[in-house]
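User: Hello! I would like to learn how to read a few features of a protein model, one at a time. Could we start with the structure on screen?

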Amino acid sequence: MPRSKPLDLTEYEENDPLWWLQHHKNTLSYLCVRVKQLIEAMKEDNIDEIETYTNLIQVVLATLEKEAIGVYSALSEEE
């Protein structure tokens with residue numbers, strides 16, 4: 001099961017916290033909408049929409065995991 005590790009703020013986040021707060025809130029909002037859409041598609045057993053929303057969520061998660069954004073970082077098996 002994936003787990004996340006705590007992340008420190010970067011210098012650019014500390015230099016412009018309001019911009020980054022808004023950015024992260026918008027990203028989380030987008031992710032919440034997509035997860036809700038995925039859940040609804042799963043309830044309806046709509047395979048096409050399940051695949052679509054799964055792919056969209058995977059792209060967002062991959063972007064969040066990148067060091068450039070650094071909102072999410074998975075723990076390795078050793079950690």
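Analyst: Happy to. Let's begin with a definition: a residue is buried when its relative accessible area is under 20%, exposed when that area is over 50%, and partly exposed in between. Keep in mind that this is a predicted model.

User: Then how does Leu56 count, buried, exposed or partly exposed?

Analyst: Leu56 has a relative accessible area of 28%, so it is partly exposed. This residue sits in helix α3. Over the chain as a whole, 18% of the 79 residues count as buried.

User: What is the secondary structure of the chain?

Analyst: The chain has three helices and zero strands. Read from the N terminus, the order of elements is α-α-α.

User: How do I read the packing of helices α2 and α3, starting with their axes?

Analyst: The general idea is to take the angle between the N-to-C directions of the two axes; over 145 degrees, a pair counts as roughly antiparallel. Here, helix α2 covers residues 17–43 and helix α3 covers residues 47–65; their axes come within 9 Å and cross at roughly 155 degrees. That angle is why α2 is roughly antiparallel to α3. As for handedness, the crossing of α2 past α3 is left-handed.

User: Which residues of α2 and α3 meet?

Analyst: On the α2 side, they include Tyr30, Leu31, Arg34, Val35, Leu38 and Ala41, and on the α3 side, they include Ile50, Tyr53, Leu56, Ile57 and Leu61. By type, the residues of this contact divide into 13 nonpolar, three polar and two charged.

User: Could we zoom in on one residue of that contact? What does Arg34 touch?

Analyst: Arg34 lies in helix α2. Leaving aside residues up to four places away in sequence, Arg34 touches Tyr53, Leu56 and Ile57. Leu56 and Arg34 are 22 residues apart along the chain, and their C-alpha atoms are separated by 7.5 Å.

User: What share of contacts in the chain join residues at least 24 apart?

Analyst: Among contacts between residues at least 6 apart in sequence, 56% join residues at least 24 apart.

User: Let's turn to backbone angles. What is the phi of Asp45?

Analyst: First, the general idea: most residues other than glycine have a negative phi. Asp45 has a phi near 55 degrees, a positive value in a residue other than glycine. Asp45 is in the loop between α2 and α3. With a relative accessible area of 56%, Asp45 is exposed.

User: How many aromatic pairs does a search of the whole structure find?

Analyst: The search finds two. To read such pairs, look at the angle between the ring planes: under 30 degrees counts as stacked, over 60 as edge-to-face and the rest as tilted. The ring centres of Tyr12 and Trp20 are 5.1 Å apart and the planes stand at 45 degrees, so this pair is tilted. In the other pair, Trp19 and Trp20 are edge-to-face, at 4.7 Å centre to centre and 80 degrees between the planes. Together, Tyr12, Trp19 and Trp20 form one aromatic cluster.

Key. Residues numbered from 1 in each chain as written. Predicted model: local features only at pLDDT ≥ 70, side-chain atom pairs only at ≥ 80, totals over all residues. Heavy atoms only, no water. Axes fitted to C-alpha atoms, helices over the stretch in contact; angles between N-to-C directions. Helix = DSSP H or I, 4+ residues; strand = E, 2+ residues; numbered from the N terminus. Parallel < 35°, antiparallel > 145°, perpendicular 65-115°, else oblique. Left-handed = near helix turned anticlockwise from the far one by under 90°. Contact = heavy atoms within 4.5 Å. Nonpolar A, V, L, I, M, F, W, Y, C, P; charged D, E, K, R; others polar. Phe/Tyr/Trp six-rings, centres within 6.5 Å; stacked < 30°, edge-to-face > 60°. Buried < 20%, exposed > 50% of the residue type's maximum accessible area, 1.4 Å probe, protein only.
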